[in-house]
Structures are given as C-alpha cells and as structure tokens.
Amino acid sequence: MNKQVNEKVARPPSGVVTIGPMHTLILLRHGESEWNSRNLFTGWVDVDLTPHGEEQAREAGRSLRTAGLLPDVAHTSVLRRSVRTGTLALAALGRPQAPLSRDWRLNERHYGALQGRDKSEVLREYGAERFRLWRRSYDLAPPPLPPGDDEDGEPAPRTESLADVSARLLPHWYEVIAPDLRAGRTVLVVAHSNSLRALAAHLDGLDHDELMELNIPTGIPLCYTLDEHLAPVVRGGRYLDPVGAAEAARAVAKEGHRDTRTAGRTSG
C-alpha cells in the first residue's frame with residue numbers, strides 16, 4: 001500500500017455526516033513568471049511576472065469576484081511573483097485593502113543546482129526518469145547548490161525535496177492559515193507549484209503515486225470547502241475554470257519535453 005504524504009488532517013469516522021461550520025480556502029499559483037516563460041527552473045530565484053502573468057493574476061481576481069468568493073485575508077510567499085499575483089488579484093476582485101501577509105515557508109521548493117537551468121537541457125542530460133523524479137517525487141531532492149551560492153547573500157536551503165517543503169510549510173498551515181479559517185475568514189493562499197502541491201497533498205491525503213501526477217497550473221483559482229475538521233468536503237477541491245485548468249496542468253506535466261522557444265504561455 002502506498003504511504004500517504006501526510007495524515008494530520010482530522011477526519012470524522014467513516015459514514016458519519018458532520019454538521020458544522022464550513023470554511024472557504026482558495027489556492028492560487030502565481031501568474032506566469034519571467035523564468036516560466038523561458039522554461040527555466042526557478043525555485044527561490046526572485047523573478048517577476050511577465051505581462052501575461054500579470055493579466056493571469058487580474059483574471060483570477062475577476063473570476064473570484066464573479067463566483068462571489070471574496071477573500072478576507074491573503075497569504076503569500078516572500079517571492080515577488082507570489083506577492084504581486086496576490087496584490088493584483090485582490091485589486092481586481094475589489095479588495096485591495098485586504099490584509100496580505102508574506103512568509104518564506106510558502107516559498108517555492110528550492111531546486112538547488114538546477115535553478116536557472118533550461119528544463120529541456122536537464123531532461124536531455126539526465127534522462128526522463130531522473131527529470132520526472134526531481135520534479136514530482138516526494139523525497140528526492142535535486143543536486144544541491146555549491147557552498148557560497150546563497151541567493152542575494154541570504155541563507156537558504158541548498159536544495160529541497162517536496163518532503164522538505166512539507167516540513168516547513170505545515171507549521172505555517174497550523175499556526176497561521178488554519179486559525180484564519182477557524183475564525184470564519186475566507187482565505188486566499190497565493191504560492192507556488194510545489195508549496196501548493198505540498199498543501200494539497202496534506203489536505204487531500206494524497207499518497208506518493210497520486211502526488212507524482214499532481215500538477216497545478218498558473219493563475220487559475222482552486223477552491224476548497226472545508227468542514228469543521230478543515231478536511232475537504234470534495235477531495236481535490238474545484239477549479240473555477242476546470243477545462244482551462246486541466247489543459248494547463250497537462251502543459252505543466254510536459255515541461256522540458258518541448259522546445260524552449262514555444263514554452264512561454266503554457267509553462268509553470
């Protein structure tokens with residue numbers, strides 16, 4: 001039997017219908033970044049959004065407003081592509097003054113020595129299986145950065161597996177995000193492919209095989225209704241644009257398998 005990634009979500013006994021407060025959590029991966037458009041591994045490198053990524057952020061806000069999902073608070077990483085997506089989305093949905101907090105624990109996974117490298121080149125150099133495991137497995141980290149290569153002189157991991165991301169993210173979930181939800185606030189979390197994969201794996205109780213297949217597209221809100229135990233009412237939540245999300249997720253899965261010159265609008 002496959003090991004579940006995390007089993008800390010309290011769930012009622014099988015067959016028991018719970019009646020209690022419902023909570024709304026919205027997950028949003030940042031809009032297309034400058035390095036997404038160039039098909040490069042990004043990780044902790046602090047790149048900005050492309051104009052297309054800015055429009056994705058605004059469109060996410062507009063779709064939330066249309067759906068009547070109005071966040072009371074937002075949580076982002078400290079990386080500018082996350083912060084700017086959150087700011088632009090909140091402005092577009094009519095809540096520019098909503099509190100927005102930043103925390104490094106929502107940062108993207110650190111991709112170690114792969115950061116700044118073209119995904120297609122890494123695929124050719126190391127092969128499809130190693131490439132897939134580095135991108136999507138739970139406990140395999142890419143090669144680390146050599147000593148002395150801290151970003152902007154700040155201490156940072158030299159590399160991270162998704163297990164490492166989960167280990168730093170889940171305390172933030174329990175200490176900061178979950179209390180906002182329990183206080184009745186609608187919560188928007190704007191983060192990154194792997195920090196959101198780690199959070200979704202926790203919420204949905206994904207095993208390692210399911211996690212390998214989980215790809216989160218840029219700029220499309222993923223909405224969860226959570227019960228009184230903060231467990232999803234519907235496993236996997238729902239995208240506001242399910243057709244567009246499915247197409248974009250397939251494109252994310254194919255990153256590195258296409259020519260860099262055509263990667264722009266679909267890479268994540």
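Leaving aside neighbours within four places in sequence, which residues is Ser195 in contact with? In this predicted model, Ser195 lies in helix H6, which spans residues 193-204, and, once those sequence neighbours are set aside, Ser195 is in contact with Leu106, Asn107, Glu108, Val165 and Leu169. Because its relative accessibility is 0%, Ser195 counts as buried, the cut-off for that class being under 20% relative accessible area.

The setting is a chain with 8 helices and 6 strands, whose elements run from the N terminus in the order β-α-β-α-β-α-α-α-β-α-α-β-β-α. Among the contacts in the chain with a separation of 6 or more, 76% are accounted for by residues 24 or more positions apart. Overall values for the chain are given below.

| Property of the chain | Value |
|---|---|
| Buried share of the 268 residues | 53% |

Helix H3 can be described from its start to its end. At the N-terminal end, Asp118 caps H3, with a side-chain oxygen lying 2.7 Å from the backbone nitrogen of Ser120. Within H3, which covers residues 119-126, Lys119, Ser120, Val122 and Leu123 are buried. Viewed down the axis of H3, these buried residues fall within an arc of 160°, so they line one face of the helix. An α-helix has 3.6 residues a turn, so residues three or four places apart point the same way. The cover over the buried residues of H3 includes helix H4, residues 128-136, while Gly127, with a positive phi near 95°, follows H3.

Terms used:
Residues numbered from 1 in each chain as written. Predicted model: local features only at pLDDT ≥ 70, side-chain atom pairs only at ≥ 80, totals over all residues. Heavy atoms only, no water. Buried < 20%, exposed > 50% of the residue type's maximum accessible area, 1.4 Å probe, protein only. Helix = DSSP H or I, 4+ residues; strand = E, 2+ residues; numbered from the N terminus. Arc of directions from axis to C-beta. Contact = heavy atoms within 4.5 Å. Polar contact = N/O pair within 3.5 Å; in protein donor to acceptor, adjacent residues only side chain to side chain.
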